[in-house]
Amino acid sequence: MDKFEVLKRYFGYSEFRQGQEEIIDHILNGRDVLSIMPTGAGKSICYQIPALMMEGVALVISPLISLMKDQVDALVQSGIKAAYLNSSLSAGQYNEVLKRAVNGAYQIIYAAPERLMTADFLFLTKQIN
């Protein structure tokens, strides 16, 4: 699937908003990107589309637990395999997400910044692409 097919199939849009396509192209070409966009400009699509087109798991670091949940719920509803790792999960739920992630269950995983240096998260990053 190309970027336009992914945009339509998973997000329901037939064209990109200003700036999105350029950002996506840079990511797909392996370039680093720093993009500052206003609220409502469609920042999430800029990393979600490449995540769906590239091999491996996209790790998204976000300090906003409610935003993570909303993003994951919307992605899962669209048929995208996604999860989050943050303090809202019980220990059992957290471990289940880690286990499923190691087994290749997700395309996108959102994580809270405080999870980045935990032994479990570091182990996960060594097990996934």
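A crossing of two helices is called left-handed if the near helix is turned anticlockwise from the far one by less than a right angle, and right-handed if clockwise. Helices here are DSSP runs of H or I with at least four residues, strands are E runs of at least two, and both are numbered from the N terminus. The model is predicted, so local features need pLDDT of at least 70 and side-chain atom pairs count only at pLDDT 80 or more, while totals for chains, interfaces and linings use all residues. Residues are numbered from 1 along each chain as its sequence is written, and side-chain values use heavy atoms, leaving out hydrogens and water.

Let's start with helix α2 (residues 20-28), which passes α3 in a right-handed crossing. Gln20, Ile23, Ile24, Ile27 and Leu28 of α2 make the contact with Ile45, Cys46, Ile49, Pro50 and Met53 of α3, where contact means heavy atoms within 4.5 Å.

Now stay with helix α3, where Gln48 is found. Gln48 is buried, with a relative accessible area of 4%; buried means under 20%, exposed over 50%, and partly exposed in between, using a 1.4 Å probe and protein chains only. Beyond its neighbours within four places in sequence, Gln48 touches Phe11, Gln71, Leu75, Ile108 and Tyr110 by contact.

Strand β3 (residues 108-111) pairs with β1 in the parallel sense over four bridges, pairing being counted if DSSP finds at least two bridges between two strands. Within β3, Ile109 is the bridge partner of Leu59.
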